[in-house]
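This report goes through one structure, from a single residue to the helices, the cores and the metal site. The sequence and the coordinates come next.

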Amino acid sequence: MTIVTTDKQQVAQLKDIFKRAGIKLTHQRLEVYSAMTSADDHPSAETIYLRLQKKIPTIALDTIYRTLTTFEELGLVKKLHLMGERTLFDANLHQHHHFVCNRCQAIHDIYWPEFDNSVLPDPADVMGLAHSRHIELRGVCTRCMEELDDQKKP
Ligand SMILES: [Zn+2]
Ligand SMILES: [Zn+2]
């Protein structure tokens, strides 16, 4: 299930999910959710905080972090542990992988059904039952490569 924007029907859907979990869908939580689903850059709690500050000046970073953690528990976002210690959030719930640029730290979604459906190597079966697969590709993104090329020009 993916909720892309927060139109009326989707707000109702979201309310229902919260109600079943016994949590109140407050205005702030709804704003955090909306900021998450309209972001395509895998934001951290700090990034969401900066984006919401103008709209909700009273919101606290801690509230955002706790809200995102609640969303994760409800299966509405995924926590990503890329780039070392930074915790990032992903509202894209479709099975996908990531390309991470080492230079500008941009993170792009990659769909790779051939990999997702491939048979795992034997050792994986011996180790146990894998529930998920995630590939993190690292390198330099196209935009950075162009910038680096431009710098080389006299
Ligand atoms: Zn880059
Ligand atoms: Zn992603």
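## Lys-8 and the basis of the values

Lys-8 is exposed, with a relative accessible area of 78%; exposed stands for over 50% relative accessible area, buried for under 20% and partly exposed for what lies in between, with a 1.4 Å probe and protein chains only. Lys-8 belongs to helix α1. Between Lys-8 and Arg-86 there are 78 residues of separation in sequence and 33 Å in space, C-alpha to C-alpha.

The model is predicted: local features need pLDDT of at least 70 and side-chain atom pairs pLDDT 80 or more, while totals for chains, interfaces and linings use all residues. Residues are numbered from 1 along each chain as its sequence is written, chains are lettered from A and ligands numbered from 1 in the order in which they are written, and side-chain values use heavy atoms, with hydrogens and water left out.

## Helix α1

Helices here are DSSP runs of H or I with at least four residues, strands are runs of E with at least two, and both are numbered from the N terminus.

Gln-10, Val-11, Leu-14, Ile-17 and Phe-18 are the buried residues of α1. Seen down the helix axis, they fall within an arc of 120°, so they line one face of α1; the arc is taken from the directions from the axis to the C-beta atoms. The face turned away from this buried side carries the exposed residues Lys-8, Gln-9, Lys-19 and Arg-20. The cover over the buried residues includes α2 (27-38) and α4 (61-73). Just after α1, Gly-22 has a positive phi of about 75°.

## Nonpolar cores

A nonpolar core is a set of buried Ala, Val, Leu, Ile, Met, Phe, Trp, Tyr and Cys residues joined through side-chain atoms within 4.5 Å. The largest has 20 residues, of which Val-32, Ile-64, Leu-68 and Phe-71 touch the most other members. Two or more residues each come from α1, α2, α3 (45-52) and α4, and α2 gives the most, with 4 residues.

Leaving aside neighbours within four places in sequence, Leu-68 is in contact (heavy atoms within 4.5 Å) with Val-32, Met-36, Ala-45, Val-77 and Phe-89.

## Zinc site

Which protein residues are the donors of the zinc ion (ligand 2)? They are His-42 (NE2), Asp-90 (OD), His-96 (NE2), His-98 (NE2) and Asp-109 (OD), lying 2.1 to 2.2 Å from the ion. Donors are N, O and S atoms within 2.8 Å of the metal (3.2 Å for Na, K and Ca); water is not among the atoms, so sites may look incomplete. Along the chain the donors follow the spacing H-x47-D-x5-H-x1-H-x10-D.

Asp-90 is buried at 4% relative accessible area, and His-96 is buried at 3%. His-42, in the loop between α2 and α3, is buried as well, with a relative accessible area of 6%. His-42 has a positive phi of about 55° although it is not a glycine.

Gln-105 sits in the loop between β3 (97-101) and β4 (107-110) and is partly exposed, with a relative accessible area of 40%.

The domain assignment, from an automatic or database source, gives domain 1 (8-80) and domain 2 (94-152). Their C-alpha centres lie 26 Å apart.
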